[in-house]
Amino acid sequence: MGEKYSKEEHDKCKKVAEAFRELYDMLGDTCVLDAGEFGFVYLTYYRERKSCFDRNKVYRNAEELFEALWDEWLYSEVMQPVYGTEDAEAGFEEIYRKLPDERKQEYAVRKQQFMDLAELKPE
């Protein structure tokens, strides 16, 4: 199964998953589950009619899990105000690029807050 998944790394992943609890509430179709020795499973896009998630991925590294959850949080924050408008067609990268520097700074502060909650050190 590859590299040993340590208890220490498991505990770090658990802190990351807990730090992003607001993301799961915000999206409503996303969660991260503790799969024990297998890691943490990130489930997204729950489809009630099918009773399944459309996408899943297993993480055994806290930094990688953090980046995946951060990317989803940031994407949702940036795209939410433009859903259903012509602006949404520009895509995330273009919309983010056009944001005021103050807003980008707010996102940087929020990322640090998530890192602090997860007890991760900046890269």
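Here's a short walk through the model, one selection at a time.

Before you click, note that this is a predicted model, in which local features need pLDDT of at least 70, side-chain atom pairs count only at pLDDT 80 or more, and totals for chains, interfaces and linings use all residues. Residues are numbered from 1 along each chain as its sequence is written, and side-chain values use heavy atoms, leaving out hydrogens and water.

Start with the sheet: 3 strands in the order β1-β2-β3, open and antiparallel. Strands here are DSSP runs of E, at least two residues, and helices are runs of H or I, at least four, numbered from the N terminus; two strands pair if DSSP finds at least two bridges between them. β1 and β3 (52-59) sit at the edges with a single partner strand each, so one side of each has no neighbour in the sheet.

Now colour β2 and β3: 7 bridges join them. Pick T44, and you'll find its bridge partner in β3 is R55.

Next, select T30 in strand β1. At 8% relative accessibility, T30 counts as buried (under 20% relative accessible area, with exposed over 50%, partly exposed in between, 1.4 Å probe, protein chains only). Leaving aside neighbours within four places in sequence, T30 is in contact (heavy atoms within 4.5 Å) with Y24, Y42, L43, T44 and Y45.

Finally, show helix α1, residues 7-19. Which of its residues are buried? Look for E9, H10, C13, V16, A17 and A19. Their cover includes α2 (21-27), β1 (30-34), β2 (40-47), α3 (62-79) and α5 (101-118).

Terms used. The expected span of a helix is 1.5 Å times one less than its number of residues.
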